[in-house]
Amino acid sequence: MMMRQIIVPLDGSARAESALPIAAHIARAHEGTLSLIRIVGASADYAWYAGEMAMMLPEVMEAERKEATDYLAQVAASPALRHLDVKTKVIEGETAHEILAFAHTQQADMIVLCSHGARGLKRWMLGSVAHKIARHSSVPVLILREGERLPLALTEQATRSVRVLVPLDGSALAEEALKPAIALSQALSAPDKAAIHLLCVLPVYDLATSVESAQLIKEARTYLKQVEDELQQKQAQKTTLTVTSALIQDTEVALALVNYGEEASPNMEHSRRCDLIAMATHGRGGLKRWVMGSIAERVLEKTKLPLLVVRPEKIARGDIVLDGAHEGRSEGGEEKERWEQSHVGLL
């Protein structure tokens, strides 16, 4: 999977600009294009205009367009983006809608943004925008955390693997985060050092009896091992990829994911167990299962790590409705299919 069309929405704030180094890193790794966009004239920003002040709107809008155009040109010319193919675009309209529409028309491969930007009149609040984009984007969205220093492993000075945590629940929908996660790790890691870590969280309340618990844990471990083996086989001829996995039990799935990813690593080479999280917005739904969209949003609210949010292609196209029915697989063993149809659930 190549990430050649990268979009970075900016609002004029230093916080929003903190997404630029990692976006540039990804674009360079894939010899791609960086599109810097700024949305002006969002209706919410001007909702209080009334009476005589409304007559000023065209002049205000023209001034904002010019300011935005000059600002993007200045950012595009910055040393950090040197030797990159950088394009700029000023767009009028509602922020999240225009970002999503631009990503669609440009056939973008990824949107990279900070979770919060500037606040106040003539500025859009990136926290709210990030949630809207993560919820509705048909392309992967990489969201960085406000106030969190970008880990050295995610910069172009990286000398080790960038380890991506991918939560799985046994569903084909949740597994759609795997390919973008691998591509992102490959783009950000030192050469031939990509790494992903698969994690399954079994909700404790699903484990009614010791017999059921033992069986479910066995099936989950078998499933994770099969996914590991499949990924290693697919990548064997392409590049070095380290795949590891873990199974944990907890009563609060989202918090368990966050705590696991951010926990200090026993390996002194890593300050944290994982460098970022990549997860699908949908997994298996139904009774005694966690609804993926809800979990993804809660992880976004709680984690300090960068979060890659992936909307499964079938969901984005509207091909399927999440009614708990089993989605057939083209590959995988009997144990893996049985796991998919049983007790699992992630987001």
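Ala27 counts as buried because its relative accessibility is 0%; buried here means under 20% relative accessible area, exposed over 50% and partly exposed in between, with a 1.4 Å probe and protein chains only. The model is a predicted one, where local features need pLDDT of at least 70 and side-chain atom pairs count only at pLDDT 80 or more, while totals for chains, interfaces and linings use all residues. Residues are numbered from 1 along each chain as its sequence is written, and side-chain values use heavy atoms, with hydrogens and water left out.

Ala27 belongs to helix α2 (residues 20-29). Helices (H or I, at least four residues) and strands (E, at least two) are DSSP runs, numbered from the N terminus. Setting aside neighbours within four places in sequence, Ala27 is in contact with Ile6, Gly32, Leu34 and Leu84, where contact means heavy atoms within 4.5 Å. Its C-alpha atom is 7.6 Å from that of Gln5, 22 residues away along the chain.

Now to the sheet. Its 10 strands form an open sheet with mixed pairing, in the order β3-β2-β1-β4-β5-β10-β9-β6-β7-β8; two strands pair if DSSP finds at least two bridges between them. At the edges are β3 (85-92) and β8 (241-250), each pairing on one side only. Strands β1 (residues 5-9) and β2 (residues 33-40) pair in the parallel sense over 5 bridges, and Gln5 has Thr33 as its bridge partner in β2.

Axes are lines fitted to C-alpha atoms, for helices over the stretch in contact, and angles run from 0 to 180 degrees between N-to-C directions.

| Helix | Strands touched | Angle |
|---|---|---|
| α4 (residues 95-105) | β1, β2, β3, β4 | about 150 degrees to β2 |

Helix α2 also has a helical partner: α2 and α7 (residues 178-188) pack at about 90 degrees, with their axes 8 Å apart. The two are therefore roughly perpendicular, a label for angles of 65 to 115 degrees. Ile22, His25, Ile26 and Ala29 of α2 meet Leu184, Ala187 and Leu188 of α7. These residues divide into 6 nonpolar, 1 polar and no charged; Ala, Val, Leu, Ile, Met, Phe, Trp, Tyr, Cys and Pro count as nonpolar, Asp, Glu, Lys and Arg as charged, and the others, Gly among them, as polar.

Finally, helix α9 (residues 253-262) is mostly covered, with 8 of its 10 residues buried. Among them are Val253, Leu257 and Tyr260.

How values were computed
Angles under 35 degrees count as roughly parallel, over 145 as roughly antiparallel, 65 to 115 as roughly perpendicular and the rest as oblique.
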